[in-house]
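My notes follow the model shown here.

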Amino acid sequence: MAVVKATNADIDLLARLLRAEAEGEGQDGMLMVGNVGINRIRGNCSDFKGLRTISEMIHQPHAFEATQKGYFYQPAREVERKLARRVIAGERVWPSKFSLWYFRPPGDCPPQWYNQPLVGRFKLHCFYEPTAEECENIYNTF
């Protein structure tokens, strides 16, 4: 059962994002990128209020740097489609389980990003989850 509505086009779009944002981080890293995206839709808080679809989430201005690169626009591959389906079905992994933000710093992870605390690092990416005051929904929608 999907935790967000998704058409085949949405699955392809999310698959392309996973690859473009985190292919170098392996399948777990790509799942984590997907977790952050789905959290943004389901949390409906902070900078992500009003996002209802995968397309809205991916194309939100300034949300994902990869959408500005040509690699994002290559066709989806089946391996990433499978990962996208897993995320859409609700599979969540730490440290992205409740995260709304991630980024790849040149060095150590800062203790905060957009005023939200660091929850953990996976390979080169740092993950940040909102406080309950900032986004109560992220903790009660799953």
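**Helix packing and the main pocket**

I first looked up how α1 and α4 are set against each other, and the two are roughly perpendicular. The model is a predicted one. The axes of α1 (residues 8-22) and α4 (residues 78-88) cross at roughly 110° and come within 8 Å. Angles of 65 to 115 degrees count as roughly perpendicular, so the label holds for this pair.

I then listed the residues in that contact. From α1 I noted Ile11, Asp12, Leu14, Ala15, Leu18 and Arg19, which meet Glu80, Arg81, Leu83, Ala84, Arg85 and Ile88 in α4. By class, I have 7 nonpolar and 5 charged residues in the contact of α1 with α4, and no polar ones.

Next I took α2 (residues 26-43) against α4. Their axes come within 9 Å and cross at roughly 45°, which makes α2 oblique to α4. I logged the crossing of α2 and α4 as right-handed. On the α2 side, Gln27, Met30, Leu31, Gly34, Asn35 and Ile38 meet Val79, Glu80, Leu83, Arg86, Val87 and Ile88 of α4. The contact of α2 with α4 divides into 7 nonpolar, 3 polar and 2 charged residues.

Last, I looked up the largest pocket. Its volume is about 630 Å³. I found 27 lining residues, with Glu21, Ala63, Phe64, Glu65 and Tyr102 nearest the centre of the pocket. The lining has 14 nonpolar, 5 polar and 8 charged residues. Both α1 and β1 (101-103) supply at least two residues each to the lining.

Notes:
Residues are numbered from 1 along each chain as its sequence is written. This is a predicted model: local features need pLDDT of at least 70, side-chain atom pairs count only at pLDDT 80 or more; totals for chains, interfaces and linings use all residues. Side-chain values use heavy atoms; hydrogens and water are left out. Axes are lines fitted to C-alpha atoms, for helices over the stretch in contact, and angles run from 0 to 180 degrees between N-to-C directions. Helices (H or I, at least four residues) and strands (E, at least two) are DSSP runs, numbered from the N terminus. Angles under 35 degrees count as roughly parallel, over 145 as roughly antiparallel, 65 to 115 as roughly perpendicular and the rest as oblique. Contact means heavy atoms within 4.5 Å. Ala, Val, Leu, Ile, Met, Phe, Trp, Tyr, Cys and Pro count as nonpolar, Asp, Glu, Lys and Arg as charged, and the others, Gly among them, as polar. On a 1 Å grid over the protein atoms alone, a cavity is a set of points where a 1.4 Å probe fits but cannot get out, and a pocket is an open set with protein on both sides within 12 Å along at least five of seven lines; lining residues have an atom within 4 Å of a point. Grid points are joined across faces, edges and corners, and a volume is the space filled by probe spheres set on the points. A crossing is left-handed if the near helix is turned anticlockwise from the far one by less than a right angle, and right-handed if clockwise.
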